[in-house]
Amino acid sequence: MAELDDLYQEVILDHNKSPRNFRAMAGANRKAEGYNPLCGDQVTVFALVEEGVIRDISFQGSGCAISKASASLMTAELKGKPESAAQALFENVHKMLTGEPGAEQASEKVGKLRILSGVCKFPARVKCASLAWHTVSAALKGEAQPATTE
Amino acid sequence: MKASSQKKEPAALSEFDVRRIREDFPILKEKVHGKPLVYFDNGATSQKPRAVIDAVARYYRAENSNIHRGVHRLSEQATAAYEGARGKVRQFINARADQEIIFVRGTTEAINLVAQSYGRTFLKGGDEIIISAMEHHSNIVPWQILCEQVGAKLRVAPINHDGEIVLEEYSRLLSDKTKFVSITHVSNALGTIVPVKEIIALAHARGVPVLIDGAQAVQHLKVDVQELGCDFYAFSGHKMFAPTGVGVLYGRAELLDKMPPYQGGGDMISLVTFEKTHYNVLPYKFEAGTPHISGGIGLGAAIDYLSALDWRQVSAHERRLLEYATDVLSDIDGLRIIGTAKQKAGVLSFVFDHVHAHDVGTILDQEGVAVRAGHHCAMPVMQRFGVPATTRASFALYNTLEEVDVLVRALGRVLKVFG
């Protein structure tokens, strides 16, 4: 059961139970919706970006513990960061989640999000963890279409 | 939680020898994460008995060739086996004639065939199509596409909080504008057995044809299309112990004759010139291209397998499984069953107040228990019950009460992780 414990670590369960920045944002100037068409998980990411810096970021939606914790950790990590850093972080997180070559090095560059590295042993759950990231990426790019994990 | 099944139901399976049945399904001996496989995802696809696996392998080893055209020995054998399977399907659902059995890829293709061939020919702007609030996406989207093409309107018969169709509301939707009704026989997300006979009779009283989506029904109920009186009946092979990629559209010959082909190509023609093509007779008019020959043969073998069983015993066993599972799962704190119709078959959908279905699914998998977690391709059903997703345990004749106990213990682990 070591793998299951890797997946459902205390920090993840805590973020699932009390997600950070879990609210709509009235003054947001970036917003995107994301869907996982396979399971119906849905997330909306709001951001306030000023002079290339993410001043505030929040999310709402419904999903499993992994998707909620991932979104919560993401908002905590991105708040105050420059927009450009978000994309670099997304790439490293994605590499870590999918376990592709370079995943180990990538996981060292993602700060607290490293807690999600256990997800790579559960291929069916990678999309749960990456949904919020696809969505924030779409929000920052100002894409009109809802983001999906496909 | 209640005591184990042995205490609760002594000699519960004395009539039906489930141990012997399990011997017929090689995959049930597999282990998952070091634990014996408990396969409760039969609503998605069933496992295959050795008889089906062997029939498919035998075809590829000894009979492989194309059908309906070769003058050589192998082609004759393959044609006989494939057409023999059509005859078995006819008997299985008690259709009048083999020509009313169209082989397709599955339920989805069968419904699309009717929507495009019948629907585009006979429906026009302002006409209405009735479906129910608990349809699989496969019985929603083909009709939406048709509505866009011809300007028809989709009407949805509501369901009550138990997941049952409200017949009075359905009859109120029927009007002179209604030109087609398409309804599921057994709900894939809720397990409800729909009173399709009444639904068909009400539609026929107004001369409206009816398609029944039997994807979740044929493996649990004895289906007799003449007794039901339906105009079309659609089902998939792979949910009834046959291979994937083969399914059946039953249609009344009188309607099929009036319908244009769905796809063009080989096998569906009798004469082709550049000026005019003459279509083949039923059922071949609807079977363009080389079909899934091994799949059809496998489906025939699955029907032989099912026909050798005593359906009365099979139904009693499945009913006991569902009742027992419903009983013991209802006792789990924070667990709510979605779909509480009086008449149900094979499906137990549930949610926890504080644990998402995906997390339930992952933890159960670690215990060797395979379930479906998600919206079951029935998003409107999830919306109706105000849940994003459910965990669905769906049963087949080879499942046991002891396996339900494994599920209950595994759910205990879910609650431990999520406190």
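What percentage of the 419 residues of chain B count as buried? In this predicted model, 51% of them do, where a residue is buried if 20 or more other C-beta atoms, placed from the backbone, lie within 10 Å of its own, exposed if 12 or fewer do, and partly exposed in between. Residues are numbered from 1 along each chain as its sequence is written, while chains are lettered from A and ligands numbered from 1 in the order in which they are written. Because the model is predicted, local features need pLDDT of at least 70 and side-chain atom pairs count only at pLDDT 80 or more, whereas totals for chains, interfaces and linings use all residues.

**View 1. Chain B as a whole.** Chain B contains 15 helices and 17 strands, which are DSSP runs numbered from the N terminus (helices are H or I with at least four residues, strands are E with at least two). The radius of gyration of chain B, taken over C-alpha atoms, is 22 Å, close to the 22 Å that the globule rule (2.2 Å times the number of residues to the power 0.38) gives for 419 residues, so chain B is as compact as a globular protein of that length. Its mean pLDDT, the predictor's confidence in each residue from 0 to 100, is 95, and 96% of the residues of chain B reach 70 or more. Over residues 5–14 of chain B, however, the pLDDT is below 50.

**View 2. The two domains of chain B.** An automatic or database domain assignment gives the bounds of domain 1 (5–32 + 310–417) and domain 2 (53–307) of chain B. Their C-alpha centres lie 29 Å apart, and 21 residues of domain 1 are in contact with 21 residues of domain 2, a contact being two residues whose C-beta atoms, placed from the backbone, lie within 7 Å. On the side of domain 1 that touches domain 2, helix 12 (311–330), strand 14 (347–352) and helix 14 of chain B each supply at least two residues.

**View 3. The largest nonpolar core.** This core has 127 residues, and Val248(B), Leu249(B) and Ala302(B) have the most contacts inside it; a nonpolar core is a set of buried Ala, Val, Leu, Ile, Met, Phe, Trp, Tyr and Cys residues joined through C-beta atoms within 7 Å. Helix 11 (residues 293–307) of chain B provides the largest share, eight residues. Domain 1 and domain 2 of chain B both give residues to this core, so it lies between them. Leaving aside neighbours within four places in sequence, the residues in contact with Val248(B) include Val89(B), Ile101(B), Phe103(B) and Phe235(B).

**View 4. Chain A.** Six helices and four strands make up the secondary structure of chain A, and along the sequence they follow the pattern α-α-β-β-β-α-α-α-α-β. Of the 150 residues in chain A, 47% are buried, and the C-alpha trace of chain A spans about 45 × 30 × 30 Å along its principal axes.

**View 5. Where chain B touches chain A.** The contact takes 13 residues from chain B and 13 residues from chain A. On the side of chain B, helix 13 (357–366) and helix 14 (379–384) each supply at least two residues, and helix 13 gives the most, with five residues. The model as a whole scores ipTM 0.89 and pTM 0.93.
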